[in-house]
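Student: I would like to go through this structure by question and answer. Please begin with the terms.

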Amino acid sequence: MGVEEGERILIVSGSPRRRQLIQAGLGVAGYTALVSPTVEGVLAQIKAQKPRLVILDIPFPGEDGYSFCAQIKGDPTLARTLVLALTPPDRQALGHALKAGADDGLSKPL
């Protein structure tokens with residue numbers, strides 16, 4: 001189960017710089033990169049735009065990215081959407097993301 005060139009990938013991150021860097025890299029690689037600065041309204045965006053992968057930056061200031069990941073995976077219409085969690089560089093954060101349903105995780109630099 002992977003992501004093919006040309007498929008949509010949604011980047012959910014509160015960091016404008018991180019969104020821009022990831023979006024640029026995905027565009028060069030041939031993916032269609034969509035972005036959202038918050039988790040507000042993202043479930044509806046996922047349902048409407050049907051990205052193959054959600055890159056979820058955890059944590060969000062003032063929001064719980066782990067709970068949002070669990071919401072994606074708990075919705076029967078979205079359960080097959082892949083989630084890559086960008087976590088702080090510690091095993092505990094990655095463990096929480098995987099427990100919440102993320103398909104994989106990647107530690108982000110401080």
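Tutor: Contact means heavy atoms within 4.5 Å. Helices (H or I, at least four residues) and strands (E, at least two) are DSSP runs, numbered from the N terminus. The model is predicted: local features need pLDDT of at least 70, side-chain atom pairs count only at pLDDT 80 or more, and totals for chains, interfaces and linings use all residues. Residues are numbered from 1 along each chain as its sequence is written, and side-chain values use heavy atoms, with hydrogens and water left out.

Student: Which elements are included in what covers the buried residues of H2?
Tutor: Buried means under 20% relative accessible area, exposed over 50%, and partly exposed in between (1.4 Å probe, protein chains only). In H2, the buried residues are Val42, Gln45 and Ile46. Seen down the helix axis, they fall within an arc of 100 degrees, so they line one face of H2; the arc is that of the directions from the helix axis to the C-beta atoms. The cover over them includes E1, strand E2 (32-36), E3 and H3.

Student: Which exposed residues does the face of H2 turned away from its buried side carry?
Tutor: The buried side of H2 consists of Val42, Gln45 and Ile46. The face turned away from that side carries Ala44 and Ala48.

Student: Is leucine 10 buried or exposed?
Tutor: Leucine 10 sits in strand E1. Leaving aside neighbours within four places in sequence, its contacts include Val42, Gln45 and Ile46. Its relative accessible area is 0%, so leucine 10 is buried.

Student: Is lysine 50 buried or exposed?
Tutor: Lysine 50 lies in the loop between H2 and E3. Its phi is near 50 degrees, a positive value in a residue other than glycine. With a relative accessibility of 57%, lysine 50 counts as exposed.

Student: Which residue in E5 is the bridge partner of leucine 84?
Tutor: E4 and strand E5 (residues 104-107) pair in the parallel sense over 4 bridges; two strands pair if DSSP finds at least two bridges between them. The E5 partner of leucine 84 is aspartate 104.
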